[in-house]
Amino acid sequence: MATEPKHDVFICFRGRDCRDEFLPNLVKSLKGAGIVPFLDEDTEKGVGITPQLLAAIEESWSSIIVMSKRFATSTHCLGELEVILKKNKTSGYPVMPIFYRVDPSHVKKQKKEFKRAFTKHKKEESGNQVNRWKDALAEFGNLVGWVFPSPNYR
């Protein structure tokens with residue numbers, strides 16, 4: 001990275017799934033440990049969100065990806081996941097996976113809610129893009145991470 005990171009960690013998450021319950025506790029714990037997180041609520045209003053989020057990934061030392069049931073329904077989340085994993089492969093960028101109320105094997109194999117999300121994406125996106133997202137999810141599902149809560153998936 002050419003410049004000093006602005007954030008210790010970029011948090012990639014699907015807001016509808018975890019913004020109210022899980023995320024506040026995660027952020028509080030990180031800040032309590034002196035870790036500076038970046039959240040999408042830190043973005044400048046009136047400016048395109050995608051360029052800001054991609055810049056924030058580049059300006060962060062690491063990423064936490066909170067994989068939840070509706071994560072794959074968001075093309076923004078899938079795009080961030082793809083960028084983060086590519087950065088991990090090319091530069092060793094640290095990625096910390098959290099499987100929030102999902103079975104990691106469902107992520108890896110795109111089962112249940114992940115399969116439903118991709119059925120919809122296939123109708124709306126190019127085949128190449130959908131395949132890259134599927135590959136990113138499969139790669140993410142192979143990472144060792146934290147499963148929360150464990151072992152019950154709601």
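Modeller: In this predicted model, one aromatic cluster is formed by Phe22, Tyr100 and Phe148.

Colleague: How is a pair of aromatic rings described?

Modeller: Such a pair is described by the distance of the ring centres and the angle of the planes. The count here comes to 5 aromatic pairs. In one of them, phenylalanine 22 and phenylalanine 148, the centres are 5.2 Å apart and the planes stand at 45°, so the pair is tilted. Because phenylalanine 22 belongs to helix H2 and phenylalanine 148 to strand S5, this pair ties together parts 126 residues apart in sequence.

Colleague: Is phenylalanine 148 buried, exposed or partly exposed?

Modeller: Phenylalanine 148 is partly exposed, with a relative accessible area of 41%. The rings of tyrosine 100 and phenylalanine 148 have their centres 6.0 Å apart and their planes at 10°, so this pair is stacked. Tyrosine 100 lies in strand S4, and the pair therefore links parts 48 residues apart in sequence. Tyrosine 100 is buried at 2%, and phenylalanine 22 is buried at 11%.

Colleague: Let us turn to a helix. Which residues of H4 are buried?

Modeller: In an α-helix there are 3.6 residues a turn, so residues three or four places apart point the same way. The buried residues of H4 are Cys77, Leu78, Glu80, Leu81, Ile84, Leu85 and Lys87.

Colleague: What is found at the start of H4, and what follows H4?

Modeller: At the start, a side-chain oxygen of serine 74 comes within 3.3 Å of the backbone nitrogen of histidine 76. Glycine 92, with a positive phi near 75°, follows H4.

Conventions: Residues numbered from 1 in each chain as written. Predicted model: local features only at pLDDT ≥ 70, side-chain atom pairs only at ≥ 80, totals over all residues. Heavy atoms only, no water. Buried < 20%, exposed > 50% of the residue type's maximum accessible area, 1.4 Å probe, protein only. Helix = DSSP H or I, 4+ residues; strand = E, 2+ residues; numbered from the N terminus. Polar contact = N/O pair within 3.5 Å; in protein donor to acceptor, adjacent residues only side chain to side chain. Phe/Tyr/Trp six-rings, centres within 6.5 Å; stacked < 30°, edge-to-face > 60°.
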